[in-house]
Each structure stands twice: as structure tokens, then as C-alpha cells.
Amino acid sequence: MVRAHSLTILLGLASVTTISAHQEPKTDAEVETQRALQRAAYYCAPAVGEFTAARKRAWQQQVLSGLPLNQAAFAPASMPSAGNPSLPINEDLFASGTYSSDSQNESGKQEILACDVVEEETVTQNNSCVLTPIVTEGPYYHKSGHPIRQNIAEYQIGLLTYLDIGVIDVNTCKPLPNVLVDIWQANATGHYAGHPEPAPHLANEQPQVGGKRSGLLSAFPRTQFHEQWLRGAWQTNSHGVARFTTIFPGYYTGRATHIHTKVFTSWTENPNGTFDGGKLSHVGQFFFEDDLNSQVDKMYPYVENPIRDIRGRTRNWRDSLNIFEDSHGPEGEYNPVFRMNLLGGVINQGLVGFITMGINSSYELDNWWKG
């Protein structure tokens, strides 16, 4: 049972307004801050379950309702027909009103679909759809030049993937509108925009053997300053949701397959469509189930990954720097893994992933990697 004072504990720590954003918590104060977030998000579990379920129902009702039942992979069989509209794409997919839906189904009974929360009496026991812990942003973030856009794929080839990212404020357990969710990721062959090759003197570098950095190479330098693919940020809507069109990420040496994220509660939009970050409240990483990763590994162009037949993909449980493990929080109570669903009858028709971030909007983190 959730303790009534768990949210108060977190609010009492809100005065700690600047904490490290580049590594797992080390000091007692940092660990207690993470634990306070965990307790608060646990308190918010019922709200998170309803929040995520409503978002998933919106996809079912508005995006997939026109598909045949054998293609609507996560549509309920009882969903009413809505004619045969074509699947919305790009701007249409994310147009205002496309996803509006009630938080109750026709019978008035709450329907939990997307989280591990499946029984009304146990919703307070489970917050596994929440990503809260703060972990390293890594060396490939561009402090300036990230474009404000929902479709971040550009001309990168890969498996179509829609991301449905919810944000709640753990101080209130309510969705957090009007915050900027910034994401960046590797392409299908494991490269980041702007960082195509290792430094010349490290061209033959071998991965670190042993220790927390096991499997890692030195970061590739930024040499292509014009590249922006698979980078972008979007403001959460009035329901606290930001949605993106991208491709399923590829992998590189030493790291599990992942997507990076930051959440800004203030920012400045530039005339060229990029933004400069202001108050940063969250730094985290999203992951995918290894069974899904293994199937994507077999698809083109993921089979062209240059380390596929040399070192292969790092599994989640072997992620260097303990990032996958740290993303589960001090007591392992979080799940940083997207809940994925097929867009069609087979995997290569695309995926949609759901996750919710629980953040403390009163925090202010340092917006730069420390190594």
C-alpha cells in the first residue's frame, strides 16, 4: 500500500534544484533524491496506468480503426468499425484532435491496456510503465541545433517507429503539458548524425575489456555539423504527450539499443527551427526488449551494421556503464523499456511504442555532458 507521506517526502527535496545529470547517483543525497522520485511515482501509479491506457485507446480508435482486424494488431475485436480511412501519416497523424478520446470506455469501466497494471485493485502496486531515473546523456548530444519537429527520420532508412511519450509531474501525479521532450538516437547501422567516423588516431581502437566501460570505444568526434537526422524535440500537448515519427534505432559497440531523451521546462525557439535549452528537468534513456531487438537485427538495413559479424549487439543486461540497470532506479522499481505494438500484421509494417516519464519539474539539471 502506498504511504500517504511519500509525495511529501519528494516535495521536501524539491529545494535540491541542481543535481548531476551525467552519471548514476553516487552520493547519499543523490541516491535519496532518486528514491524520493521512486516513492512519488509509486504514489502516482494509478494515474500513470489510466494516462497510458487512454493514450493507447486513442491509437486504437483513431489510427487503426480502419484496418482489417487481422492487421490491427492491438485493436480489440469489439472495436466499432469506422469505415476504411487511410492510416494518417506525418502531420495528419499528429494533428490536434486526432487522438482525443475519453478516459473511460463505453461501459464506463476503466480499461488498462498498455501498462503491466491489469487489475483495478493492484494498480497502486505497479508503476512499471514509468521511466524516472536520471542517467548519462552520453557524448553525442548537440547542445544547440536540435530541430523542433515530430518526424525526426529525414532520409534514414529503417523500420518505421512511432513513439508516444507521456510526461507526468510526480509532484502532482498529473500529465505535464507544455514541456519540450528532446530525443536523439543512432541510425540503423549505429551512427549518430554528425559523428560518422572515429578520430584518425583511433581508427584501429579496440573496445575496452572489463570494467564498467567494457565494450566501449572512444566517442566519435563531431565532424559533420550540418547533420540533424534522428534528432528532434516536440512540446507536450494539453494531455502531456509528445509523439514522434522515427525509425527503430540501431546499435553500436558496448551499448544496448536505446534512445536518449531530455525534458526542458523552458527553452528558446530560434528562427531556423532549432531551440536553445533553458531549464532542464530530466535526462534519461529508453530501451527495447531484447527479443524485439533480435528480430529487428535480421531486417535490412540493420544487417548492414559494421559490427554485426564482429562483436554483435550488446544485450540489455550487458549494457556498459550499467546504464540499463541504473535506468531501473536504486531499487529496480522502474521499467525504461518501451511497450511496443505492431502497426500492422507483421513487424516490418512498423511499430508504435508507449512510455511515460515521471519528472520533478522543480529540478534544474546541468545541460551538458561531463564525460
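Mentor: One term before we start: a salt bridge is a side-chain nitrogen of Lys or Arg within 4 Å of a carboxyl oxygen of Asp or Glu. This is a predicted model, where local features need pLDDT of at least 70 and side-chain atom pairs count only at pLDDT 80 or more, while totals for chains, interfaces and linings use all residues. Residues are numbered from 1 along each chain as its sequence is written, and side-chain values use heavy atoms, with hydrogens and water left out.

Trainee: How many residues apart are Lys262 and Glu137?
Mentor: These two form a salt bridge, with the closest N and O atoms 2.7 Å apart. Lys262 sits in strand E8 (residues 258-264) and Glu137 in the loop between strand E1 (130-131) and E2, so the pair links distant parts of the chain, where helices (H or I, at least four residues) and strands (E, at least two) are DSSP runs numbered from the N terminus. The separation is 125 residues.

Trainee: Is Arg313 buried or exposed?
Mentor: Arg313 has a salt bridge with Asp297, the closest N and O atoms being 2.7 Å apart. Both lie in the loop between helix H5 (290-296) and helix H6 (323-326), so the pair ties together parts that are 16 residues apart in sequence. Asp297 has a relative accessible area of 17%, so it is buried. Arg313 comes in at 6%, so it counts as buried.

Trainee: And where does Asp309 stand, buried or exposed?
Mentor: Asp309 forms a salt bridge with Arg308, the closest N and O atoms being 3.6 Å apart. Arg308 has 37% relative accessibility, so it counts as partly exposed. Asp309 has 69%, so it counts as exposed.

Trainee: Which residue stands opposite Pro147 in E10?
Mentor: Three strands form an open sheet in the order E2-E10-E9, with antiparallel pairing; two strands pair if DSSP finds at least two bridges between them. The edge strands, E2 (144-147) and E9 (267-269), each pair on one side only. Two bridges join E2 to E10 (residues 274-277). Opposite Pro147 stands Thr274.

How values were computed. Buried < 20%, exposed > 50% of the residue type's maximum accessible area, 1.4 Å probe, protein only.
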